[in-house]
Amino acid sequence: MRLLSPSGSVGRGLYALVGVFGFALKHNLDRLVAGYFFHRSWDLFSYWVPLRTIAHITQLRGDDATFLAVMVACALPFIWIGVVMTMKRLRSAGLSVQLVGLFFLPFLNLLFFLVLCLLPEREIQPETKSHTSGPWLTRLVPAGVLGSAAFSLLITVPLGLGMAVLGAQLLQNYGWGLFVALPFMMGFVAAMLYGIHRPRSLGGCVGVACLSVGLLGAGLLGVAVEGVFCLMMALPLALPLAAFGGACAYMVQKRRWLQKDAPVFLSALLLVVPGIEVVEHVVALPPPVFAVRTSLDIQAPPERVWQQVVAFSQIPPPTEWMFRAGIAYPMRAEMIGTGAGAERHCVFSTGAFVEPIQVWDEPRLLKFSVTSNPAPMEEWTPYSHIEPPHLHGFLVSEGGQFLLTPLPNGGTRLEGTTWYHHGLWPSTYWRVWSDAIIHRIHLRVLRHIRDEVERNNQS
């Protein structure tokens, strides 16, 4: 029974043995309960997403609530054992028992367990007295390479997750604070903590910095804040910024004031990201309007092309990786009425664009505004469905047109144009993605029109 008492300490061998055996026992018990009593499957990922048909706990109903309550009740004894053993192990490693809170952080608790299994028992030697009597932050961070790296990640990733949720979910900003300041700050702070005892290598600082942002992405996916595709689009911007932050920390860590003033310096730095996010929310800069034009030559006169432009038929399922990864794609177009004032519905995989006709110049120009936009994508996620704010109002089509130009050979040059805006910053970076997506949408429609017109023209 002394093993279950919060007092005392345990070595890394016993800690690892109890952890592995306890998890194996718990996992098989969970599989038995879920399968035998509730006829549900249970795998390793179920510990992060026990109910994959809901995204938020407020959606719990009936059998789902009962199932979750039973699974939580089965987990309570194992949670107690895990907390007690972790506190004992923290003492034997010379760390603060307050770090036991990391036991409850999804994904990161696996890294936390691994670190505690590797850290040796710590004995205070005479040469380490300066470390023990130094600033509290320096005393808290393990002195070893692995321990300091793990500690830096266990601090920066939860902080980054909180700042990301503040910006994206609460303030609904997708701007400089979220995509620029946050990855730089995380990389800088992670590398600073990593080198707080002694200067580390440049590669080590950059590696820890980039890993912090990678784990942040995994955390955002795990708590149903973002999907895979959006995280992939943000990665080319976030990773270089995190690496730059780690390189800056590499330069700073050699300064003598680091150990003395590190807590104050890092505390001030951590206020930068929320400050930028709040300022962006208050100022709310108007997004710029962009235009994307795509053209295609068709071997048919404008009169025949016009018929398909006004209302094109069902397009076959997409083969492009972008659309198969979740980006909304056009399926067909329907016209209600004719002439200016008529209404065109361009049906996408996520819904329909409602397009009142402004100019009906047959067979030369069809121009329309857009009064209703469906979601621009369906997120890849382990949950059945998530609704991040950027799916609504952050990529908005304002209008479009089809211009038909006769060619000397009797064909037609069909040009499609879309005017749109997005609320993502830096706008130049995100425009690369949005322009590419809209260009692929144009090509999907124009190629289908060309194929249909040329097939009918031959018959």
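In the predicted model, F244 is partly exposed, at 48% relative accessibility. F184 is also partly exposed, with a relative accessible area of 25%. Both values fall between the 20% limit for buried and the 50% limit for exposed residues.

The rings of F184 and F244 form an aromatic pair. Their centres lie 5.6 Å apart. F184 belongs to helix α7, residues 176–194. F244 belongs to helix α9, residues 228–252. The contact therefore ties together parts that are 60 residues apart in sequence. The count of aromatic pairs comes to 16.

Another pair is formed by Y429 and W430. Here the ring centres are 5.2 Å apart. The planes stand at 85 degrees, so the geometry is edge-to-face. Both residues are buried, because their relative accessible areas, 18% for Y429 and 6% for W430, are under 20%. Y429 and W430 also belong to a cluster linked by ring pairs.

R40 lies over the face of F67, at 4.6 Å from the ring centre. K367 places its charged end over the ring of W419. In that case the distance to the ring centre is 5.5 Å.

Terms used:
Residues numbered from 1 in each chain as written. Predicted model: local features only at pLDDT ≥ 70, side-chain atom pairs only at ≥ 80, totals over all residues. Heavy atoms only, no water. Phe/Tyr/Trp six-rings, centres within 6.5 Å; stacked < 30°, edge-to-face > 60°. Helix = DSSP H or I, 4+ residues; strand = E, 2+ residues; numbered from the N terminus. Buried < 20%, exposed > 50% of the residue type's maximum accessible area, 1.4 Å probe, protein only. Lys NZ or Arg CZ within 6 Å of the ring centre and 35° of its normal.
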